[in-house]
Amino acid sequence: MKKTLTAVLLSLTLAAPVMAKDIAGVKYPETATVAGKELKLNGVGLRKKAIFKVYTLGLYVENPTQDATALLNADEVKRVRMFMKRDLKKEQITEAIENGFKKSAGANMPKLQARLDAFKAAIPAEVKEGQELNLTYVPGKGTTVQVTGGQSIDVEGKDFADALFSVWLGKDPVDSGLKDGILGKED
């Protein structure tokens, strides 16, 4: 009886969805609705550079998992919500994303370069502390880049989304602690 009760409690714990999270003073709700789909918060993380808090990031997906490869391979709606913890110039953001993008895109980089350039053009001249940057992939549509107070653009292709999300989830992520956080491996 005790073993059965323990097994039931353990299975309920493992099946429970991630609850709303707060990281570095930023609240991430447990769900987000995108393109008619309810996405679940997979995890949250904090990007640090030296001693500075740069941004927090929440990853929303249809089917949460701690498997980065499964998340990248899934042709499902997913969203990265970045909340800026400091003012950043366009060059700082685009250079960091392009460096990570080049690492993850590899041989596909020439095919993706024009779309990366369009993505970079959508980033405003300066992103202020407190602003959000949402990157949302919808199958068949592509990736929508939206900055609070700025323009919104769509960049086509799952290959582009895969390279972009690999900046945080790939084999050589921009920040391994951040990757663990958005995979739900850190609390």
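Helices (H or I, at least four residues) and strands (E, at least two) are DSSP runs, which I number from the N terminus.

**Entry 1: the model.** I am reading a predicted model, in which local features need pLDDT of at least 70 and side-chain atom pairs count only at pLDDT 80 or more, while totals for chains, interfaces and linings use all residues. Residues are numbered from 1 along each chain as its sequence is written, and side-chain values use heavy atoms, with hydrogens and water left out.

**Entry 2: the whole protein.** I found 6 helices and 11 strands in the protein. Of its 187 residues, 44% are buried, where buried means under 20% relative accessible area, exposed over 50% and partly exposed in between, with a 1.4 Å probe and protein chains only. I also looked up the contacts (heavy atoms within 4.5 Å): among those between residues at least 6 apart in sequence, 57% join residues at least 24 apart.

Entry 3: I traced an open sheet of 7 strands in the order 3-4-5-6-9-10-11, with antiparallel pairing. Its edge strands are strand 3 (31–34) and strand 11, each of which pairs on one side only. Neighbouring strands of this sheet are turned by 25 degrees against each other on average, direction ignored; for such angles, axes are lines fitted to C-alpha atoms, for helices over the stretch in contact, and angles run from 0 to 180 degrees between N-to-C directions.

Helix 4 packs on the sheet, where it touches strand 9, strand 10 and strand 11, and its direction makes about 170 degrees with that of strand 11. Helix 5 lies across strand 5 (52–61), strand 6 (78–84), strand 9, strand 10 and strand 11, and it runs at about 135 degrees to strand 9.

**Entry 4: strand 10 and its neighbours.** I then followed strand 10 (residues 142–147), which is largely enclosed by the rest of the structure because 5 of its 6 residues are buried. Strand 9 (residues 132–138) runs antiparallel to strand 10 and is joined to it by 6 bridges. I noted that the two form a hairpin with 3 residues between them, and that Gly140 in the turn has a positive phi of about 80 degrees. Across this pair, Leu133 has Val147 as its bridge partner in strand 10. Strand 10 also pairs in the antiparallel sense with strand 11 (residues 152–155), over 4 bridges, and there Val145 stands opposite Ile153.

**Entry 5: Thr136.** I picked out Thr136, which lies in strand 9 and stands opposite Thr144 in strand 10. Thr136 counts as buried because its relative accessibility is 5%. Not counting residues up to four places away in sequence, Thr136 touches Val34, Lys78, Arg79, Gly142, Thr143 and Thr144. With Arg79 there is a polar contact between the two side chains, at 2.8 Å.

**Entry 6: helix 3.** I last looked at helix 3 (residues 90–105), whose 16 residues reach 21 Å from the first C-alpha to the last, close to the 22 Å expected at 1.5 Å a residue; the expected span is 1.5 Å times one less than the number of residues. Its buried residues are Ile93, Thr94, Ile97, Glu98, Gly100, Phe101 and Ala105, and they pack against strand 7 (88–89), helix 4 (109–122), strand 8 (126–127) and helix 5 (158–169). Just after helix 3, I noted that Gly106 takes a positive phi of about 55 degrees.

Note on methods
Two strands pair if DSSP finds at least two bridges between them. A polar contact is a pair of N or O atoms within 3.5 Å; within protein, one must be able to donate a hydrogen and the other to accept it, and residues adjacent in sequence count only if both atoms are side-chain atoms.
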